[in-house]
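Subject: Structure for you to look at

Hello,

I am passing this structure on to you. Please open it first, and then read the notes below.

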Amino acid sequence: MATKKVTVTIPEDLLDEIRADAAERGLSAYVADALRAKRDRDRLLELVDWLQEEHGPVTEGERVAALHELDDLDAEHDRRRASGQHEAA
């Protein structure tokens with residue numbers, strides 16, 4: 001993958017924290033991962049906006065049902081991890 005060197009300005013206290021967290025991976029890899037995560041989040045928020053325009057806002061019942069489903073998925077993931085199973089269902 002091609003890379004390009006850029007200059008950015010970051011608050012000093014934040015940079016100190018990032019350098020400590022990124023020690024083994026390196027600052028460039030850490031920042032690239034953070035920028036990818038931010039870009040992905042922005043794209044997801046655009047999708048949410050579009051879906052709400054098309055279908056209306058998520059109801060409280062839908063939100064609760066989704067959270068329950070996530071809890072079930074987390075429990076299954078934990079169960080598989082504990083038993084040594086790593087394949088997706």
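By about how much of a helical turn are Arg63 and Glu60 separated in helix α3? The separation is about one helical turn, because the two are three residues apart in α3, which covers residues 60–83. Helices here are DSSP runs (H or I, at least four residues; strands are E, at least two), numbered from the N terminus.

Before the rest, the ground rules. The model is predicted, so local features need pLDDT of at least 70 and side-chain atom pairs count only at pLDDT 80 or more, while totals for chains, interfaces and linings use all residues. Residues are numbered from 1 along each chain as its sequence is written, and side-chain values use heavy atoms, with hydrogens and water left out.

Salt bridges

Side chains of opposite charge can pair when their charged atoms come close. A salt bridge here is a side-chain nitrogen of Lys or Arg within 4 Å of a carboxyl oxygen of Asp or Glu. Eight salt bridges are counted by this rule.

- Arg63 and Glu60 form one of them, at 2.8 Å from N to O. Both are partly exposed, Arg63 at 41% relative accessibility and Glu60 at 49% (buried is under 20% relative accessible area, exposed over 50%, partly exposed in between; 1.4 Å probe, protein chains only).
- Asp78 and Arg81 form another, at 3.9 Å from N to O. They also lie in α3, three residues apart, or about one turn of the helix. Asp78 is partly exposed, with a relative accessible area of 42%.
- Arg39 pairs with Asp40, and their closest N and O atoms are 3.1 Å apart. Arg39 has a relative accessible area of 37% and Asp40 has 36%, so each is partly exposed.

Helix α3

The 24 residues of α3 should span 34 Å at 1.5 Å a residue, and its end C-alpha atoms are 35 Å apart, which agrees. The expected span is 1.5 Å times one less than the number of residues. Just after α3, Gly84 has a positive phi of about 90°.

A nonpolar patch

Leu44, Leu47, Trp50 and Leu51 make a nonpolar surface patch of about 380 Å². Areas come from the Shrake-Rupley method with a 1.4 Å probe, and for residues only the protein chains shown count as cover. Leu51 sits in helix α2, residues 27–55, and is partly exposed at 35%.

Regards

Key: Patch = residues over 30% accessible without salt bridge, like charges linked within 9 Å, V, L, I, M, F, W, Y side chains within 5 Å.
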